[in-house]
Amino acid sequence: MTATTHPIQPLDPIQPVLSARRRWTVLAVCCLSMFLVGLDTTIVNVGLPAIGHGLGIGTRSLEWTVDAYTLVLASLLISSGALADRFGRRRVFQVGLVVFGAASLVCAIAPSVGVLIAARAVQGIGASMLSPVALAIVVNAMPDPRERAQAIGVWASVFGLSMAAGPVTGGALIAGFGWRSVFWINAPVIVAALVLSALFVPESRAPRAQRLDLPGQALLTVVIGVSVGVLIEGPRIGWASLPALVAYTIAVVAAAGFVSVESRRSEPLMDIRLYRHPVFSSAVLGAVAVFVALNVTLLLNTLYLQHARGWTPLAAGVATLPMAVGATVCAPLSGRLVGRTGPRLPLVLAGGFITVGGLCMVGLDQHTSVFRLLSAYLLIGVGFGFANAPITNTAVSGLPATRAGVAGAITSTARQLGSALGIAIAGGLVAGTAPTGLAHASRPGWILVATCGLFLLLVAHAARPKKGTSRPTSPQSR
């Protein structure tokens with residue numbers, strides 16, 4: 001793929017060129033919403049033991065309180081991006097804020113686990129209107145490829161900070177106000193984002209938005225939901241039981257049907273042909289791997305520290321502070337590296353740090369030193385910080401500028417799918433395990449984290465530009 005050489009123009013023909021101050025204000029507003037989405041993906045993790053105690057539920061139901069959110073979010077992101085391209089990005093963005101806020105209030109007052117899981121699913125609907133749309137707004141507000149790469153670095157930094165800071169924030173809130181406060185905290189952020197978006201974010205849409213692909217959306221939802229669901233329920237129902245075999249069959253048939261339907265549609269939900277390009281497909285798979293590693297780390301950390309070692313939610317959350325610091329410091333650096341040298345170097349750094357961090361935890365036992373734990377979390381956080389900007393930039397570069405909403409949605413879908421898979425896998429490894437056996441039971445999870453880091457090294461190799469081509473740094477690159 002080579003970068004286009006025509007003069008830089010706004011990506012959206014109906015959106016005027018914004019001043020530098022206005023462009024970065026738009027970025028700040030979008031980052032606020034993304035902080036909320038990312039925070040809610042992980043803030044619940046550290047509160048799982050408290051939620052379980054308060055509602056009288058076990059590990060498997062706790063997994064669903066996390067994955068109900070991420071599954072719905074992953075399933076609807078692409079359609080939400082397409083809706084935003086068609087009906088207006090600011091409009092869909094604001095609707096998403098309202099839905100997300102209303103569902104958060106229901107979560108905060110949920111009297112039972114069923115209500116909590118249902119409200120978390122509705123939260124996922126609202127969040128699906130925020131994540132890809134925020135990135136599309138940022139991409140269209142930044143016409144210069146180098147400035148756009150830096151903006152994506154900031155965006156990735158905020159998103160990474162929110163994901164990594166979730167456990168710290170959750171631990172502090174639970175210590176002071178109980179587990180319901182992790183949902184109440186969303187209210188003032190929602191109000192602020194609604195006001196700021198009305199004041200500063202210009203309306204934009206694609207000049208020719210794609211049609212909604214309802215068959216593709218339904219099949220994608222089945223594939224994601226059944227695949228993750230069987231991972232969560234597999235330890236309970238048995239991996240070779242009749243219900244499990246039926247689930248495998250449904251997932252395979254739905255996946256085959258999705259590929260068949262999307263291959264024949266003129267305006268598919270997801271253009272299967274894009275995955276013929278190694279750079280694009282490896283970036284999407286890399287996003288899955290990064291978020292599998294992050295969520296395996298966060299869930300295993302929460303259960304190990306609180307159940308096996310008796311730490312409080314606040315202490316367990318503070319233990320992840322090195323991860324948040326590493327992600328926050330390295331994400332903007334990664335964005336600058338992408339703008340200057342392309343995605344390969346930050347991807348190599350991301351893969352290396354995540355691999356070493358995972359390997360540090362493979363020998364985890366009941367008495368592993370705190371220094372070793374914190375060092376591993378720091379390494380994984382640094383790797384996470386370096387990973388987001390190059391993966392986002394590369395994936396966005398794989399679609400036309402007029403499909404910016406869908407481009408962001410594919411990347412975000414991969415992230416949330418990785419989150420759901422990470423929670424399901426980690427929960428399956430330790431479900432039903434006694435506190436004294438948690439460390440040993442979690443070791444395969446840390447091997448998986450290291451493997452995800454190694455996979456990023458392969459993604460870095462795929463991102464290497466061929467001779468005679470320039471690095472794709474923007475959605476205008478084809």
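This report describes the fold, the nonpolar cores and several individual residues of a predicted model.

## Overall architecture

The protein chain contains 18 helices and 0 strands. Of its 478 residues, 58% count as buried. Among the contacts in the chain with a separation of 6 or more, 86% are made by residues 24 or more positions apart.

The chain exposes about 17,300 Å², and carbon and sulfur atoms supply 69% of that area.

## Nonpolar cores

The largest nonpolar core comprises 86 residues. Within this core, the residues with the most contacts are Ile 51, Leu 116, Phe 183, Tyr 377, Trp 446 and Leu 456. Helix α11, which spans residues 278–308, gives the most to the core, with 18 residues. A second, separate core has 34 residues, including Val 37, Phe 93, Ala 127 and Ala 134.

Leu 116 illustrates the surroundings of a residue in the largest core. Apart from neighbours within four places in sequence, Leu 116 is in contact with Ile 51, Leu 55, Thr 65, Cys 107, Ala 110, Trp 179 and Phe 183. Two of these partners, Ile 51 and Phe 183, are also listed among the residues with the most contacts inside the core.

## Helix α2: Thr 65 and Ser 80

Helix α2 covers residues 59–87 and includes Ser 80; Thr 65 is found in helix α2 as well. Thr 65 counts as buried because its relative accessibility is 1%, under the 20% cut-off. The side chain of Thr 65 reaches the backbone oxygen of Leu 62 at 2.5 Å. Beyond neighbours within four places in sequence, Thr 65 is in contact with Val 44, Leu 48, Val 113, Leu 116, Ile 117 and Arg 120. Thr 65 and Asn 45 are 20 residues apart in sequence, and their C-alpha atoms are 9.4 Å apart in space.

Ser 80 is also buried, with a relative accessible area of 5%. Its side chain makes a polar contact of 2.9 Å with the side chain of Ser 128. When neighbours within four places in sequence are left aside, Ser 80 is in contact with Val 92, Ser 128, Met 129 and Val 133.

Ser 197 is buried, with a relative accessible area of 0%. A polar contact of 3.2 Å joins its side chain to that of Gln 94. With neighbours within four places in sequence excluded, Ser 197 is in contact with Val 29, Arg 90, Phe 93, Gln 94 and Leu 97.

Val 191, by contrast, is exposed because its relative accessible area is 53%, over the 50% cut-off. Together with Val 195, Leu 196, Leu 199 and Phe 200, Val 191 makes a nonpolar surface patch of about 420 Å².

## Helix α13: Val 325

Val 325 is found in helix α13, which extends over residues 321–341. Val 325 is classed as partly exposed because its relative accessible area is 44%, a value between the 20% and 50% limits. In sequence, Val 325 and Ala 165 are 160 residues apart, yet their C-alpha atoms are 8.5 Å apart in space.

How values were computed
Residues numbered from 1 in each chain as written. Predicted model: local features only at pLDDT ≥ 70, side-chain atom pairs only at ≥ 80, totals over all residues. Heavy atoms only, no water. Helix = DSSP H or I, 4+ residues; strand = E, 2+ residues; numbered from the N terminus. Buried < 20%, exposed > 50% of the residue type's maximum accessible area, 1.4 Å probe, protein only. Polar contact = N/O pair within 3.5 Å; in protein donor to acceptor, adjacent residues only side chain to side chain. Contact = heavy atoms within 4.5 Å. Patch = residues over 30% accessible without salt bridge, like charges linked within 9 Å, V, L, I, M, F, W, Y side chains within 5 Å. Areas by Shrake-Rupley, 256 points an atom, 1.4 Å probe, with all protein chains shown as cover. Salt bridge = Lys/Arg side-chain N within 4 Å of Asp/Glu carboxyl O. Core = buried A, V, L, I, M, F, W, Y, C linked by side-chain atoms within 4.5 Å.
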